[in-house]
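Good morning, and thank you for coming.

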Amino acid sequence: MPGLGTSFGRGGATQTPRDMAESDCIVIMGSNFAENHPVGFRWVLRARDKGARVIHIDPRFTRTSAMATDYVPMRSGTDIVFLGALIHYVLTNEKYFKEYVVNYTNAPFIVKDTFKDTEDLEGLFSGFDANKKSYDQSLWDFEREEVKLPDAEPKTLSDKIAYATKKGRPKTDPTLQHPRSVFQILKRHFSRYTPEMVEEVCGTPKDKFLMVADALAKNSGRERTSSFAYAMGWTQHTVGVQMIRTAGILQSLLGNMGRPGGGIMALRGHANVQGATDLPTLWDTLPGYLQMPIILRKHDTLTDYLKTESKPTGWWVNTPKYMISLLKAWYGDAATDKNDFGYDYLPKRIKNHSHYNMFKDMYEGKVKGFFCMGQNPAAGGQNATFHRKAMAKLDWMVVRDPFQTETATFWKEAPEVVSGEVKPEDIKTEIFFFPSAVFAETDGSFTNTNRMLQWKEKAADPPGECRSDTHFTYELGVLLKKLYKDSTLDRDWPIKNLTWEHYAPNPNDGWKVHEPNSHAILKEINGYTVKDKKNLASFLELKDDGSTAAGAWIYTGVMPDEHTNKAAARKGDDYLSLGWGFCWPANRHIMYNRASADLQGRPWSERKKLVWWDETQKKWVGKDVPDFAAAKAPTAKAKDEGIGLDFHSGSDPFIMHPDGRVQIFGALADGPLPTHYEPVDTPIKNMLYKQQHNPAAIYFNIDKNKIHGIGNDKYPYVMTTYRLTEHHLSGPMTRWLPWLAELQPELFLEISPELAGELKIKTGDWVTVETERGKAEARALVTRRLQPLKHGGKIIHEVGMPIHWGYAGIAKGSSINELTLMVGDPNVTIHESKAFTVNVRKGRIRQEV
Amino acid sequence: MAERVGMLIDTSTCIGCKACGVACKEWNELPMAPEDKVEFKGLSYDNQGHLSDTNWRHVKFIEQFNEDRSDSRWLFLSDSCKHCQQAGCMEVCPTNAIIRTEFDTVFIDHDTCIGCRYCVTGCPFGVIQVSDIKGTAQKCTLCYDRLQVGEQPACAQACPTDCIEFGEVDSLMKLAEGREKLLKSQGYDNVRIYGKSDILGGLNVFYLLLDKPDVYGLPENPQLPQKNMMKSYTFSIAGMVATGVLALLAFRSRRMSHKADADQDQDKAV
């Protein structure tokens, strides 16, 4: 999410798969699009049929490579070098879209002289605290003009907050020549990312790299657009967020953002991953990407929180409206301005509570009970052995899944239990297994990869005692509320006042199993007026005075009145299909689409027209819902004293950001510009800097989680992990299904004939893969789809394994997470399962060869 | 006859996802292969091996890489019964259990099938297998039951890239010719249609291939069973048996091809 959010303002994919059919060049990197998103991939094929270049850059030749016009190999974990070299190519050969770069990005902004680049500090930026392993980001601010405020007194809470936190406008040099302009800093930062460096670090032949650079340059500009698609191949690295940032910078330089067939397609790995982060199931945000309060920032009171989190300029000036409406949705009449709308009752984070820290706390006995719903940590958690050890320390655990997953049965079936190392009677955890309903057995919506909510109707009652997660959660809430009904303790206020009754199932819904009222849930998410419970049609109607309620402001408009559920709309057409489902925000399909027009509001070209200013109607019109103030003329002047969108001119398309522009230079925990660091397990040292790994990476000092480091002779091969079309995640939804189990029945290791020859391995042989974390056994699949790559004088072999297996189900096998490492990227604490090192030997785990 | 329907399998857009095979099994209630046969086969990403009584559809994975990988490709082909105009299986069936439907597809009637296996050897594509459990010959029905209620076959419905296109054969052929032309213009020099009238009078389920049929394990020039029989008889008997026998066989052969031609003419008339 922050990869795209830092650059453009929102974390969602900027375009839609359908729109990719309009691309002239599609670069798929960090994604196996065809195998893992087969339905969306049809649009890539449509583009290819129309003559587009489809380039797949990947360590493995996959089913996606098979469909691409060009395949380019590389070593896992070196994407920033490849992408950085593309930036270098575009800058040095003047292939960037100058008018776009000068006016729509922060390239002309001037950075304070307290900023020092990785070029000056051997791979670090200024402000690094080696003890805390974090940066002081204030050193990276821009030089700013004096702060100006409107003459009028602030009226609303949002205005007051904005006045109090307003910053001056960044100083700029539109000629891009100032040595501390973002443009010049960028040029210098990527100066060592050359085609030769790509060959040495990525192992990609120089001519293949130059082919990609040339294709992108030729297919960008006024007349043509290129798009990028990525997935977990970019996210699952200790520098994953910065990989996405690099692509964001490149696409902005080429002028491909907000335009038809242009953008960055973040491919989500599950039907509802986007929905799960929107609402969210994340530990650090509240619905609609509001920050979860944390004691480490000034979040003591609601006002403190709003002053810290809302932005005086740009769209986030509205934060108070969204936050207060959320509190009203949750606590109803009990939330008043007298009690800060119940803000104090929200739990405050005290540290990083991400998945790994939660399991670390579990292992240390700090977590007593655990609800495991839609997750399978015993097979799917990095360093799976540790995950099982942690769960064995719980008092109780509830597992909800359609089948008895590895997590439900670890106490009797885990490898360490089978081997006798751990005895079931020593595991004190009491496990409750609740069979869950599947998706066709309940109403509801999915929010797909292009931010589109699509409603689905219940088709059948779930069998026996199976119930949906919604049903379970609702019933649990009812019981808890009953339990706390008479409590006089202040701490029980939130559970007593949580609005819940309106979810009650309708006993006359015609089914035997009555689900909670999904329309009532959708209405709450959408938002309504508190006084007369009238649905809201747009988030523009949300107020910061407690008169509106909305569970997730970004979804407002999905249910504009009591009888309209836009998520269930099914009117398609031959392009964006605005009448099909509902794309947040406000049914905008291509985000930042103001950038599809020039400064005067005219399309950059007839071929690539999308949204433009209509002078007669005095509004923005076109093929998509404009992602811009509807009637703000392109010639509108920016107001230096203004707050919110008034601070932006009519030609500042990136409305979420304080300055209305792409943040080419944008602060993240590991720096304002992407920098290549080697994975924490790597065969070679960092060729670019003295600094080897991401300096801000999060390490977990726990049992059997040892890092291999650089060039460890015991673990000489690079491993990458991935999915297959035939299975999903750790397999809870697929390995139990006979029709899918037979298609990919066993774990396998993909290995090149060159390495297989050295190790005397043939296809079908059993092989054991080892790390300091554990062992996994698999069948060998010797294939030229994997290849050794030359890095300078050194040959590096890469092998690969799919992630889907575990010890339960019909299709059984080792979990590759016996091998993986718990380590975190500093921005989102994601692991690095896409690039680590292993040893491979012939034979099974318990049969030395 | 209502219309001659079939499918175009466009290998240029097949991504090898196997959704067609799963949809086929789900609709036709075909079981997983016997548990002892479910194992890693090492045939690229194919763990089913071939068409069978439980696999009415099977996706082939063909990896072709030279040593330095400068020439590399991974081809996919979703295979099934071709519903031939001159169907060998039909010809050899002694109980007339294999019939041509009102959709001009080839259908095995399980009430009259005696499981004799003649059709297994009669099919030049190795499509049919007799089920040990059911005792009858098994193959794709082109979802006869779905066609009867105006639905397309399950595989075509499930295909995410429209690589399996269902429809009236003549219009599918036009579509295929357009695709062939487009792909040729994009540098796929060896692209071709497999299953025009030169192959067993035409295949209702036909293919757009990116290369020669043998690359995909399809016979270049598949023969009807009686032609094979003729050949083997020629080898074993020619020296000793009177020419009358040969004449008799030749007569039979001619009659059969006449019959097929007549069938074709009849199709055109309809």
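I begin with strand E26 of chain A, residues 748-751. Phe748(A) and Glu750(A) point one way from this strand, Leu749(A) and Ile751(A) point the other way, and all are buried; buried here denotes 20 or more other C-beta atoms within 10 Å of the residue's own, with C-beta atoms placed from the backbone. Strands, labelled E, are DSSP runs of at least two residues, and helices, labelled H or I, are runs of at least four, numbered from the N terminus.

This is a predicted model, in which local features need pLDDT of at least 70 and side-chain atom pairs count only at pLDDT 80 or more, while totals for chains, interfaces and linings use all residues. Residues are numbered from 1 along each chain as its sequence is written, and chains are lettered from A and ligands numbered from 1 in the order in which they are written.

What joins E26(A) to strand E28 of chain A, residues 775-782? Four bridges do, and the two strands run parallel; pairing requires at least two DSSP bridges. Within this pair, Leu749(A) stands opposite Ala780(A).

Next, an open sheet of three strands in chain A has the order E13-E14-E19, with antiparallel pairing. Its edge strands, E13 (444-447) and E19 (582-583), each pair on one side only.

Finally, the interface: 31 residues of chain A are in contact with 28 of chain B, contact being C-beta atoms, placed from the backbone, within 7 Å. E28 of chain A is among the elements giving two or more residues to that side of chain A.

Note on methods
A residue is buried if 20 or more other C-beta atoms lie within 10 Å of its own, exposed if 12 or fewer, and partly exposed in between; C-beta atoms are placed from the backbone. Two residues are in contact if their C-beta atoms, placed from the backbone, lie within 7 Å.
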